[in-house]
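Trainee: I would like to learn how to read the packing and the sheet in a model such as this one. Could we take the features in turn, with the general idea before the particular case?

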Amino acid sequence: MNTLAKPSDLVDRLQSFEVFQNIDKAALAWLVERSTYKYFPVGEHIFEPGRAVDTMEVIMQGQYVIRFQRGSELQELGLGEAGNITGVLPFSRMKEAKAFGTVLEDVYLLELHKDCFTEMVNTSYELTQALVGVMTSRVRDFTQQRVQNEKLMALGKLSAGLAHELNNPASAIVRSSEELYNRIHTTPEKFKSVMTIRVTPEETDQINEILFSKIELAKSLDLSVLEREERLDELLDWLEDQGIENSEDIADTFVDYGMREEDLEQIDNIIEDKDSEAIMWWLESTMSLERLVEEIRESGTRIAKLISSIKSYSHMDRGVTREAIDVHQGIKNTIIMLKHKFKHKQITIEKDLEEDLPPVLAYTGELNQVWTNIIVNAIDAMNPAGQLKIKTYRDREFVRVDITDNGVGIPEENIHNIFDPFFTTKPIGEGTGLGLEIVKRIVHRSKGDIKVASKPGETTFFLCFPAALKN
């Protein structure tokens, strides 16, 4: 960076920029007189994170790129060029830079110290008004971009979690389908061996009665590891005493369906002196096929529920007006979306949801962002094996939702700033400081209110929404 002598045509060049087109030349001459003319070569930073900001810069020539640190990477936010104004502006509360401004083409600029702003107000109201307009536009554009980034970050996290959640049942379907295919191709041989022993219809009915009772029992069977091993040994001993080959495979399946030694004795008595090995293999094959079909059905149902939750969570094909919304359904869908986060930190959820809670009036496409941002913050604040409590209840014509975590709490000096734009206690790159600002904006847009109380081990967000009136 070098300080240069000011060219004689600076006033005319300023007036060629859109922001200064309606400003008289006397005011622009004042601006030039009070400013310093500087040069920044390619690669140098006009500003960088942490650097105090006490000057306004009007870019006269050149180009620079604005980059924001996110984790270990720099994310590009946009380009600055001739006619752009950066740095502090009149009535701005900016204290320090939050991003890098790196020169791409040699930059020449006018630099005005903020100490001149008071004089500027007295010198030219029009000039001050134009610069305040620049500040307003800059805040609006920057906020919109950061809000979009916040949404994309949340979407990325949800997508990663959903990919994980969908992968498990999808893999189970593929695995079970392959095994089902292989078993179906071995069934004819086992069926033929059963047919050759000429089981009577009465015997078939008796065996089927045992088989179907065990299939029903398997739905609620919950054996400990020790119980399973004891039953497996019991069944193996009986099958081996009968001289049945590969009895380990049969016993392993029989245990899953609650078969006991007395059941095998009963089947053996039913078929009397007929080939018990063929019957046992037929039973094992039937139970295995039943298990595989059930696994495929459960996995398919799980995928269908996830897809249904995704559609409900994102409110596809819904309008953008205030509607009557079921708070409970939104919270449940959000928990499903964040299930991977709860599992990762082994967090338990305690729900106290009031029955017959009336719907709330809110914007359908936005309310789930409220639950997501608050719950994600709670998860981040909790240690492994933490506890999240969600309570809903009616309070006169309002619906209230309390979300409590037992995390580290919000420091007292920060409690009044958590809803401020860009305020965050997270490391650079991990938080944008817009999550709770978005939450507050959505809640207020829905005519609701949000408050927070915190101490170590207990942080609660209190949300209040107007209940939807019945027609």
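Mentor: A nonpolar core is a set of buried Ala, Val, Leu, Ile, Met, Phe, Trp, Tyr and Cys residues joined through side-chain atoms within 4.5 Å, where buried means under 20% relative accessible area, exposed means over 50%, and partly exposed lies in between (1.4 Å probe, protein chains only). Please keep in mind that this is a predicted model, in which local features need pLDDT of at least 70 and side-chain atom pairs count only at pLDDT 80 or more, while totals for chains, interfaces and linings use all residues. Residues are numbered from 1 along each chain as its sequence is written, and side-chain values use heavy atoms, with hydrogens and water left out.

Trainee: Which residues have the most contacts inside the largest nonpolar core?

Mentor: In soluble globular proteins, nonpolar side chains tend to be buried together. Here the largest core has 39 residues, and those with the most contacts inside it are Val 370, Trp 371, Ile 374, Leu 388, Phe 461 and Leu 463. Among the elements that each supply at least two residues of this core are helix H10 (327-337), helix H12 (367-381), strand S11 (387-395), strand S12 (398-405), strand S13 (449-455) and strand S14 (458-466); such helices (H or I, at least four residues) and strands (E, at least two) are DSSP runs, numbered from the N terminus. H12 gives the most to this core, with eight residues. A second, separate core of 38 residues includes Val 103, Leu 112, Met 120 and Met 135.

Trainee: What is the order of the strands in the open sheet?

Mentor: Two strands pair if DSSP finds at least two bridges between them. In this model, the open sheet of five strands has the order S9-S11-S12-S14-S13, with mixed pairing, and its edge strands, S9 (348-353) and S13, each pair on one side only. S11 and S12 run antiparallel and are joined by eight bridges, with Ile 390 standing opposite Ile 403 in S12. Eight bridges also join S12 to S14, again antiparallel, and there Arg 400 has Cys 464 of S14 as its bridge partner. S13 and S14 are antiparallel as well, joined by seven bridges, and in their hairpin, which has two residues between the strands, Gly 457 takes a positive phi near 90 degrees.

Trainee: How many of the residues of S14 are buried?

Mentor: S14 is mostly covered, since seven of its nine residues are buried. One of the helices concerned is H12, which lies across S11, S12, S13 and S14 and runs at about 175 degrees to S14; axes are lines fitted to C-alpha atoms, for helices over the stretch in contact, and angles run from 0 to 180 degrees between N-to-C directions.

Trainee: Why are H10 and H12 called oblique to each other?

Mentor: Angles under 35 degrees count as roughly parallel, over 145 as roughly antiparallel, 65 to 115 as roughly perpendicular and the rest as oblique. The axes of H10 and H12 come within 9 Å and cross at roughly 45 degrees, and the two helices are therefore oblique. The contact (heavy atoms within 4.5 Å) is made by Val 327, Gly 330, Ile 331 and Thr 334 of H10 and by Asn 368, Trp 371, Thr 372 and Ile 375 of H12.

Trainee: Is Ser 288 buried or exposed?

Mentor: Ser 288, which lies in helix H9 (residues 276-314), is buried, because its relative accessible area is 0%. Not counting residues up to four places away in sequence, Ser 288 touches Arg 183 and Thr 253.
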